[in-house]
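Hi,

Here's the structure I promised to pass on. Have a look, and my notes follow below.

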Amino acid sequence: PAGLFGAVIPVQDGLTREEESDELAKRGWRSALALVMQPLLEDVRVHREAIKIQEQLHTVNVYRDAGRIFYSAYDPEKSQYRSCSIAVDQVNSLLTPNSVEASEFGARGAPADPTEMYHR
């Protein structure tokens, strides 16, 4: 059938242990996992925005499924894709400001809606 191999992800072994576990190395299992997760999570995307991270423009996607929130950031200038996830029950501790943040930015209330939570 047409398009049968459209989503085939080639996997190459890393040459070193560091390369094997680095998703930015373009080799190894982490790199392959990051490429596989993109199309798998697309059906559960809840937020997308373009923002600057360390002065580089990135497309950031947020996905929510199976009790986890998955984040991905794509840097088109370097063609790099980064990803991470957090359990939904850990979000409160992540959003709670520490003493340095509170003194620098002031007290922030709870997010008003899911979009604000994903943005933070």
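What share of the contacts in the protein with a separation of 6 or more comes from residues 24 or more positions apart? The share is 20%, where contact means heavy atoms within 4.5 Å.

Before the rest, some ground rules. This is a predicted model, so local features need pLDDT of at least 70 and side-chain atom pairs count only at pLDDT 80 or more, while totals for chains, interfaces and linings use all residues. Residues are numbered from 1 along each chain as its sequence is written, and side-chain values use heavy atoms, with hydrogens and water left out.

On to the layout. Along the sequence you'll read α-α-β-β-β-β-α-α-α, with helices (H or I, at least four residues) and strands (E, at least two) taken as DSSP runs numbered from the N terminus. The radius of gyration, over C-alpha atoms, is 17 Å, well over the 14 Å from the globule rule for 120 residues (2.2 Å times the number of residues to the power 0.38), so the protein is more spread out than a compact globule.

Now the sheet. The four strands make an open, antiparallel sheet ordered β1-β2-β3-β4; strands pair if DSSP finds at least two bridges between them. β1 (45-53) and β4 (80-87) are at the edges with a single partner strand each, so one side of each has no neighbour in the sheet.

Cheers
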